[in-house]
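This briefing is intended for a reader who has the coordinates at hand. Please consult the model shown below alongside the points that follow.

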Amino acid sequence: MWWGFSPALDIQFEINKHETNYQDKCLEVLIVGASDARHILKTLASSYLYNDRIIIYNVIESTLEQVARSILLLNTCLETNLGLQEATRYYLEIFGNTLIRPATAKYLIKSSNQLSNIPINTINCPWLNLEQFKHKDRDHLEAIFKFWERATCENVPIVEYWDQRIRRSLKTRYDYREGVFDWDYHMILKSRGISNLTLQEYRFWRNNGIAFTWLEGEPVRSNPTLLSNIIQYGPGFIHYTYLGDITNGPFFTWILEEKKDNHMNRATDIAEREIMRSIYEIRNQESICEEFIASHRDPSILNGTLVIETPNKEMEQESWEIGRNKYKKNNISWINIENHKIIFHPVTFLQTSKHKIEYVNRFDFIWIAHNMVKQLPNLVPLLKKKGIMLVELQKYLVELRNEHLQNFVNELKSMAQQNGLHEINDINAKEHYVAKFCK
């Protein structure tokens with residue numbers, strides 16, 4: 001639930017590819033259930049390649065925790081006072097690691113403290129609009145940010161939560177889990193074209209939830225942004241344990257568009273390169289050279305596999321003192337992206353929008369996650385004539401076999417046809433990670 005299972009897409013590229021004469025000065029986009037901000041980030045980074053155009057991103061997530069995480073990840077990329085490598089690694093650790101480095105934890109505490117003021121309008125964020133949420137939802141968002149600040153200091157035992165999930169999932173196979181992980185990697189992921197994820201990285205993540213690792217610094221602080229159902233209770237908070245993905249991993253969003261000649265790089269190296277490229281291009285509105293990326297890396301590990309040991313438990317559970325009023329509310333600045341606006345909608349939008357005239361035939365582009373496909377009949381009326389709809393497929397879900405992938409595609413085709421959508425190209429369940437339709 002915390003990350004997607006398909007690559008980040010440049011939305012303008014996808015639209016221009018299928019409608020070369022598209023000239024509208026304002027582009028309305030709807031993204032449903034992406035679980036992260038990858039499509040927005042990729043589109044922002046590529047915007048310098050196109051004529052000036054206003055893009056309004058309408059985003060729906062199934063939980064407020066996912067909304068808060070998307071805001072945090074976008075904030076990390078758009079903050080002006082972070083170094084390029086610094087922002088890149090903060091992003092990847094918060095995005096995909098149960099444990100993060102102390103420096104990243106301090107950044108998370110600071111950012112959570114500052115971002116908690118946005119839902120209640122104490123800080124004006126020029127690229128973000130939360131007005132579609134009710135006041136109680138905005139208060140809940142504020143509480144989530146405050147929980148992250150407190151939980152990062154207190155260091156909740158997230159690796160224990162992770163281990164409990166694995167034990168419940170594998171049951172009697174728990175003692176032989178390394179063999180289970182190896183099987184999933186060699187027999188499923190490799191057969192589906194995952195060439196840049198090493199066995200060591202995948203196995204390490206399956207064991208403890210740490211996906212991205214570097215030599216500089218050890219991840220020993222918990223990442224509470226991966227916890228669910230956060231509720232303020234008196235002076236404190238209650239929450240569920242880790243309920244997210246424990247079989248697939250956060251690797252597929254940034255490592256799948258790799259060139260064949262660089263296949264020796266780790267998933268971490270490729271993800272770092274792609275995030276670094278995106279942040280650089282947002283900041284500078286020009287392409288980044290490979291030499292610039294290489295200058296931020298230790299050349300001794302470029303073609304190697306770096307796997308660290310599971311961090312010491314006592315270090316993980318060390319508590320930090322919570323600093324009060326340490327960060328100035330307005331001491332935060334963002335890159336100017338005046339042509340881009342991000343509007344978050346409540347999940348109820350899926351049921352109500354087709355009955356509102358202002359949303360019918362409004363969107364030029366709609367992207368839908370694989371687990372939100374049942375909402376397709378509610379979303380088709382919102383798509384413009386000749387608009388593009390992309391639906392995420394289940395190709396990279398380890399728990400599903402090939403026959404399940406094909407059944408999903410068959411059901412999707414039938415549903416699309418019933419709702420007046422036409423396939424842009426034939427869908428191959430084994431090769432494609434998204435299905436493309438037009439209205």
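The chain exposes about 19,000 Å², and carbon and sulfur atoms supply 48% of that area. The model is predicted, and every value given here is computed from it. Buried residues account for 58% of the 439 residues in the chain.

**Overall architecture**

- The chain contains 15 helices and 12 strands.
- Of the contacts between residues at least 6 apart in sequence, 77% join residues at least 24 apart.

**Strands β1 and β2**

- Strand β1 covers residues 26–32 and runs parallel to β2, to which 7 bridges join it.
- Within this pairing, Leu 27 stands opposite Ile 55 of β2.

**Helix α3 and Ser 70**

- Ser 70 belongs to helix α3, which comprises residues 64–78.
- Ser 70 counts as buried because its relative accessibility is 2%, and the cut-off for that class is under 20%.
- Leaving aside residues up to four places away in sequence, Ser 70 touches Asp 36, Ala 37, Glu 61 and Phe 344.

**Nonpolar surface patch**

- Met 1, Tyr 240 and Leu 243 form a nonpolar surface patch of about 270 Å².
- Leu 243 is located in the loop that lies between β7 (236–238) and α10 (267–284).
- With a relative accessibility of 38%, Leu 243 is classed as partly exposed; patch members must have over 30% relative accessible area.

**Cysteines and disulfides**

- How many disulfides does the count come to? The count comes to 0 disulfides, where the rule requires a pair of cysteine sulfur atoms within 2.5 Å.
- Cys 77 is buried, because its relative accessibility is 1%.
- Cys 289, by contrast, has a relative accessible area of 42% and is therefore partly exposed.

Notes
Residues numbered from 1 in each chain as written. Predicted model: local features only at pLDDT ≥ 70, side-chain atom pairs only at ≥ 80, totals over all residues. Heavy atoms only, no water. Patch = residues over 30% accessible without salt bridge, like charges linked within 9 Å, V, L, I, M, F, W, Y side chains within 5 Å. Areas by Shrake-Rupley, 256 points an atom, 1.4 Å probe, with all protein chains shown as cover. Salt bridge = Lys/Arg side-chain N within 4 Å of Asp/Glu carboxyl O. Helix = DSSP H or I, 4+ residues; strand = E, 2+ residues; numbered from the N terminus. Buried < 20%, exposed > 50% of the residue type's maximum accessible area, 1.4 Å probe, protein only. Contact = heavy atoms within 4.5 Å. Pairing = 2+ DSSP bridges.
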